[in-house]
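This report walks through one chain, from a single side chain out to the whole fold. Keep the viewer open while reading.

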Amino acid sequence: MNFFQFRTLLICLLLSTSVVSSAQNNAANRNRLFDANWRFIKDSTIDASGVAYDDIKWRTLDLPHDWSIEDLPNQSDSVVGPFTTKSIGTTATGYTVGGICWYRKHFTFNNIANKRVTIYFDGVYMNSDVWINGHHLGTHAYGYTPFYYDLTPYLKQNGENILAVRVRNEGKNSRWYSGSGIYRHVWLTVTNPVHIEQWGVYITTPKVSEASAAINIQTSIINDEQKVKSLKLRTSILDAKNNIVGKTETPVSNSTNQSIALSNPHLWSPESPYLYHAVTDVMSGDKIIDHVVTNFGIRSINITADKGFLLNGKPVELKGGCVHHDNGPLGSATIDRAEERRVELLKQFGYNAVRLSHNPPSMQFLDACDRLGLIVIDEAFDQWQRHKNPDDYGLYFDTCWQPDIDAMVLRDRNHPSVIFWSIGNEINERADSSGIVITKTLHDEVKRLDDTRPVTEAICFFWDHPKYKWDTTAAAYALLDVGGYNYQMKEYEKDHAKFPQRIMMGTESFPLQAFENWQLVEQHPYVIGDFVWTAMDYLGETGIGHTSLDNNTKFTMDFPWFNAFCGDIDLIGGKKPQSYYRDVVWNKSKLEMLVHTPIPEGHKEAVSFWGWGDEVASYTFPGAERKLLQVHVYTRYDSVRLVLNGKTIGVQAASAETKLTATFNINYEPGVLKAIGLKNGKAVDSIVLKTAGKPAGIRLLADRKKIHANPNDLAYVTAEVVDANGNLVPDAAFLLHFSVSGNGKIIATGNANPSGVESMQQPQHKTFKGKCLAIVQPKGASGNIILKATGDGLTSAQIVISTK
């Protein structure tokens with residue numbers, strides 16, 4: 001049983017009751033999912049911290065929850081779904097809103113005498129205050145790091161307890177869509193007075209080879225008992241089949257170090273993401289008094305300027321992309337399957353690495369990276385002391401940086417997927433004296449908690465300090481293990497000549513420069529990878545990837561744009577044109593063909609820095625007959641023949657000099673367009689695009705037809721408008737209506753249109769380029785979910801999803 005399945009089973013058990021029991025000390029009962037049956041209200045005028053406050057009329061919901069993606073009241077031309085022209089964040093937050101909201105949870109305990117009870121929040125955006133039974137536990141400012149509080153002194157054992165949380169997402173505080181609320185999971189931890197500290201198991205693999213591995217386990221134990229017991233610590237290493245492959249026992253101290261040797265270990269890598277788990281038991285005699293299970297992987301990291309990045313002794317070139325944390329139509333809600341699906345999509349589209357921009361992710365995202373094999377840059381901050389927005393984290397950096405850095409590193413340091421720690425992104429003071437001091441302080445704090453991984457920082461050119469030259473970065477780079485370069489590939493070779501031991505990594509790059517950036521990675525071992533901005537479309541920074549006619553001077557686009565539109569992958573998981581090109585650049589595919597949409601006569605296309613030309617992997621352009629179209633064939637073959645309706649248009653060479661591109665101009669006529677890959681003049685491969693007919697029906701495609709019967713699993717169902725022969729109609733724009741019966745519900749709908757503001761919670765959505773998406777969530781019982789889609793003039797469709 002993998003971690004996702006284990007958590008699924010646990011959720012099913014916990015959601016069946018509202019009364020919390022603390023009778024056992026097994027792993028499932030130690031950490032209890034605390035997501036169900038919270039009460040919620042959006043109201044900035046009240047104080048709901050006290051026990052006596054009447055919340056009976058509040059809305060009841062389950063976590064994770066993001067209120068910024070919910071439909072706003074008073075819908076109009078300027079208020080559509082969650083989007084409004086009056087948004088304080090405007091383009092940055094995708095015209096969504098924050099505010100002040102309250103959550104309250106009522107719960108009871110039985111038999112918790114001599115127990116320790118902790119509440120754990122994996123992420124709340126932002127400025128949260130927490131009370132238990134009227135007692136203020138604390139304030140947590142940062143919206144992206146986990147935190148926890150001890151509830152023990154204030155709990156009622158045989159009466160009702162009330163947990164209250166106020167969340168304040170106020171002012172201009174983010175450069176992208178943050179979401180609002182308790183958007184990640186909440187857990188209740190119940191232990192004995194003697195217990196393993198939160199994040200108290202730290203596993204490293206200092207010696208790794210194919211023949212053997214040395215595993216070090218450091219365990220921090222808290223002993224709140226007045227009477228000192230004779231205790232021992234037992235750690236067992238289990239393989240993926242739950243066989244015990246190593247075991248040790250030692251007497252307990254506050255921090256206990258153990259070592260286990262394994263023969264012929266399975267090594268973790270993106271190609272083979274093998275996971276072990278360590279079972280740690282604190283024992284008094286034969287009695288287990290605490291029990292923690294920790295997943296980990298065995299792998300070695302070695303990075304040098306002359307050999308590049310070696311994982312388990314083998315060179316790896318990082319095919320990377322940056323991602324923000326939102327889940328498209330779900331907003332920032334971190335439902336487990338949504339997080340896993342993003343990782344699946346990244347792997348599917350050729351990535352082996354991801355940069356988590358610009359904040360620590362959910363633990364579910366990292367769990368998926370561990371399981372599926374995706375290398376991670378785990379990033380802490382988008383700003384330090386100097387603001388990028390007046391109400392951002394810069395207000396809190398001086399007092400909060402250390403607990404936030406500590407939370408990131410302590411929580412995430414056992415994940416084998418996490419290879420790099422990043423301490424910041426495009427920091428204003430990056431090269432100033434104050435920034436150099438902060439760089440060293442952050443670097444040293446990370447290394448104090450985990451000295452097994454390199455520390456990086458994403459550094460950009462000095463647009464914010466026009467008098468500074470690029471060489472001003474030298475002091476900052478000297479403090480980093482790996483230098484992060486944002487959009488500065490032109491500096492790689494010059495910097496290598498000056499600093500031959502510096503290791504470089506393209507932490508952000510433009511989509512249109514994919515070929516040039518990748519060439520430098522392939523040519524120079526000291527350039528260990530490239531991370532495009534971005535791998536996936538995201539909410540906010542509206543339209544930075546747009547195209548326009550004739551000129552393109554705008555950074556972002558105004559309402560109704562809400563989506564950045566700069567990703568290789570669109571907002572609902574579809575493949576965008578630049579991803580086809582990247583497939584060829586990365587040698588994942590040898591032949592791809594795209595056709596540019598018609599450009600009005602007398603005009604030319606202007607593409608933004610983060611954009612891509614308006615080309616499509618289809619050949620349907622009604623009304624464009626005889627008009628000039630441009631065809632790009634991306635290929636690793638030496639030449640390409642283009643054929644239209646059986647007639648050869650021409651042959652074009654393709655090479656590094658043409659950036660792996662053969663370009664043709666044709667006059668559009670419906671039919672069949674075929675590109676033939678040639679090697680030494682011989683046809684060896686081909687790709688075909690066909691003109692679609694008129695819209696006739698709907699086709700429903702689920703990412704999986706069998707899912708777990710709990711709300712942390714989801715089915716993503718794509719609705720396609722098809723012609724009479726089942727071909728996708730790529731220009732079809734229909735309003736589709738969805739209905740569901742059985743053991744599930746529709747929790748979100750969406751499409752890939754970056755400027756098509758709509759509700760993402762109503763059971764209907766317009767298609768964009770022939771497609772839209774419905775996200776279905778199980779209600780918790782086994783059985784079938786039947787989803788039906790209808791549209792005017794279209795044959796309806798339905799699909800059955802089974803839950804178990």
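Is Arg337 buried or exposed? Arg337 is buried, with a relative accessible area of 1%. The model is a predicted one.

**Salt bridges around Arg337**

Arg337 forms a salt bridge with Glu344. The closest N and O atoms of that pair are 2.9 Å apart. Glu344 is partly exposed, at a relative accessible area of 32%.

A second pair joins Glu508 and Arg355, at 2.9 Å from N to O. Both residues are buried. Glu508 sits in strand S30 and Arg355 in strand S25 (residues 353-356).

The structure holds 39 salt bridges. Another of them pairs Arg59 with Glu70. Arg59 lies in strand S4 (residues 59-61), and Glu70 lies in the loop between S4 and strand S5 (79-80), so the pair ties together parts that are 11 residues apart in sequence. Arg59 counts as partly exposed, at 39% relative accessibility. Glu70, at 13%, counts as buried because the cut-off for that class is under 20%.

| Salt bridge | Closest N and O atoms |
|---|---|
| Arg59 and Glu70 | 2.6 Å |
| Arg337 and Glu344 | 2.9 Å |

**The barrel**

Strands S25 and S30 both belong to a closed barrel of 8 strands. The order is S24-S25-S26-S27-S28-S29-S30-S31, with parallel pairing. Neighbouring strands of this sheet are turned by 25° against each other on average, direction ignored.

Strand S30 (residues 504-509) pairs with strand S31 (residues 527-532) in the parallel sense over 3 bridges. Gly506 has Asp530 in S31 as its bridge partner. Helix H6 (residues 433-449) lies across strands S27 (418-425) and S28 (455-459). H6 runs at about 155° to S27.

**The whole chain**

The chain contains 10 helices and 50 strands. Its radius of gyration is 27 Å, close to the 28 Å that the globule rule gives for 804 residues, so the chain is as compact as a globular protein of that length. The C-alpha trace spans about 90 × 65 × 55 Å along its principal axes.

How much of the chain is buried? Of the 804 residues, 60% count as buried. The accessible surface comes to about 31,200 Å², and 50% of that belongs to carbon and sulfur atoms. Among contacts with a separation of 6 or more, 70% come from residues 24 or more positions apart.

Terms used
Residues numbered from 1 in each chain as written. Predicted model: local features only at pLDDT ≥ 70, side-chain atom pairs only at ≥ 80, totals over all residues. Heavy atoms only, no water. Pairing = 2+ DSSP bridges. Helix = DSSP H or I, 4+ residues; strand = E, 2+ residues; numbered from the N terminus. Axes fitted to C-alpha atoms, helices over the stretch in contact; angles between N-to-C directions. Contact = heavy atoms within 4.5 Å. Rg over C-alpha atoms; globule rule 2.2 N^0.38 Å. Buried < 20%, exposed > 50% of the residue type's maximum accessible area, 1.4 Å probe, protein only. Areas by Shrake-Rupley, 256 points an atom, 1.4 Å probe, with all protein chains shown as cover. Salt bridge = Lys/Arg side-chain N within 4 Å of Asp/Glu carboxyl O.
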